[in-house]
Amino acid sequence: MKLGLNLSFAVKRWLGGRQMAAVVRELGFNKIQFTWDLIDPWWPEEPRDKIAHEYARAFEDAGITVDSAFGGVASYSYNHFLAPTPELRDLGKQHLMRAVDLTAAMGVRAAGMPFGSYSAEDAVDATRREEIYKQALEAMVAVSRHAKRAGLSNILIEPVPLKTEFPSSAEDALRLMTDLDGQTDVPVRLLVDWGHAIFTPLFGKDANIDHWMDLVGPFIDSFHIQQTDGLYDRHWNFTREGVIDRTLLEDFWQRRGLTTQTYFLEIIYPFEERDEVVLADMKAGIALLRDQAAG
């Protein structure tokens, strides 16, 4: 199975291309997913892109491929395409368009994030949900035009395990992919997070990754992997006990005949955890994954 590394573990710790590339190489990876928690898409364009170029050069010099650039904890805090007002929804569209520009400045193929979240009031109003959803589709088509002009090949959407968001379920994801398929200037595809897909409180008997593969498999570009208890969105390392047995990852990969996708390890630590503890824990978890992959 193909393993990649999302840089979420490094936020607020190892900054700048030279230092980040050194840590990535120390962990033994040559394929990564960049996070916008390291560079804010809303920063002024000139200094933002200068920093992006520095990261990109350092990764290239170290032989590290940046597969995609993705929204992190900061980006996820906002409602984006499903916000309650036109002004907020437009800002969500601008956020992704600016992230596309940031991604293009790094020479990376794809940018992505969760689609968005309804307000508490709109979430329980079926008419409002549908109205906002249709406007969000139009906005995503506009973003795709911008992405094509910028030179990107894909936009990625990550489903999330909350009823107030869309898509949350595999059925939601299928609707979104079907509604956008053939309408956008670059393909919009899914990044499926294992911890989200097996979220039992929301999905019940359908809380399994095979259900997602059955419904939206052709639309899945890549995966996030991490350890979880199935009850919250934990993003634990595999050094902890949880419901994702490491053998499940390899078994799923083989049974489904995956070849082009990547499992991006996405681990999120408390900010107050010491840097040396984070680095040691990352090494230990990666060793466990690699032992399984080799076996």
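Let's begin with Pro167, which sits in the loop between strand 5 (154-157) and helix 7 (170-180). Helices here are DSSP runs of H or I with at least four residues, strands are runs of E with at least two, and both are numbered from the N terminus. The peptide bond joining Phe166 to Pro167 is cis, with omega at about -5°.

Quick housekeeping. This is a predicted model, so local features need pLDDT of at least 70 and side-chain atom pairs count only at pLDDT 80 or more, while totals for chains, interfaces and linings use all residues. Residues are numbered from 1 along each chain as its sequence is written, and side-chain values use heavy atoms, with hydrogens and water left out.

Now carry on into helix 7. Its buried residues are Ala170, Asp172, Ala173, Leu176, Met177 and Leu180; buried means under 20% relative accessible area, exposed is over 50%, and partly exposed is in between, using a 1.4 Å probe and protein chains only. Why do they end up on the same side of helix 7? Because they cover an arc of only 155° around the axis, where the arc is that of the directions from the helix axis to the C-beta atoms. The cover over those buried residues includes helix 6, strand 5, strand 6 and helix 10. Just after helix 7, Gly182 has a positive phi of about 80°.

Helix 1 (residues 17-26) gives us another case of this. Gly17, Met20, Ala21, Val23 and Val24 are its buried residues. They cover an arc of only 160° around the axis, so they lie on the same side of helix 1. Just after helix 1, Gly28 takes a positive phi, about 85°.

His80 has a positive phi near 50°, and it is not a glycine. It lies in the loop between helix 3 (73-76) and helix 4 (86-105). Is His80 buried or exposed? Buried, with a relative accessible area of 7%. Then there's His235, also not a glycine, with a positive phi of about 55°. You'll find His235 in the loop between strand 7 and helix 11 (246-255), and it is buried, at a relative accessible area of 6%.

Okay, zooming out to the fold. What do the strands make? A closed barrel of eight, running 1-2-3-4-5-6-7-8, with parallel pairing; two strands count as paired if DSSP finds at least two bridges between them. From one strand to the next, the twist averages 30°. Axes are lines fitted to C-alpha atoms, for helices over the stretch in contact, and angles run from 0 to 180 degrees between N-to-C directions. Helix 10 (residues 209-216) packs on the sheet, touching strand 6 (188-193) and strand 7 (220-225), and its direction makes about 170° with that of strand 7. Contact there means heavy atoms within 4.5 Å.

Strand 1 (residues 3-6) pairs with strand 2 in the parallel sense, over two bridges, and Leu5 stands opposite Ile32 in strand 2. Strand 2 (residues 31-35) is mostly covered, with four of its five residues buried. It is joined to strand 3 (residues 65-70) by five bridges, and the two run parallel. Across that pair, Lys31 stands opposite Thr65, and Thr35 stands opposite Phe70. Phe70 also has a bridge partner in strand 4, namely Gly112. Strand 3 and strand 4 (residues 110-113) pair in the parallel sense over two bridges, and five of the six residues in strand 3 are buried.

As for handedness, strand 1, helix 1 and strand 2 form a right-handed β-α-β unit. The next crossover, from strand 2 through helix 2 (residues 45-61) to strand 3, is right-handed too. Right-handed means that, with the strands pointing away from the viewer, the path from the first strand over the helix to the second runs clockwise.

Last stop, the packing. The largest nonpolar core has 92 residues, and Phe9 and Phe59 touch the most other members. Such a core is a set of buried Ala, Val, Leu, Ile, Met, Phe, Trp, Tyr and Cys residues joined through side-chain atoms within 4.5 Å. Helix 6 (residues 126-150) supplies the largest share, nine residues. Leaving out residues up to four places away in sequence, Phe59 touches Leu7, Met20, Ala21, Ile32, Phe34, Ile64, Val66 and Met106.
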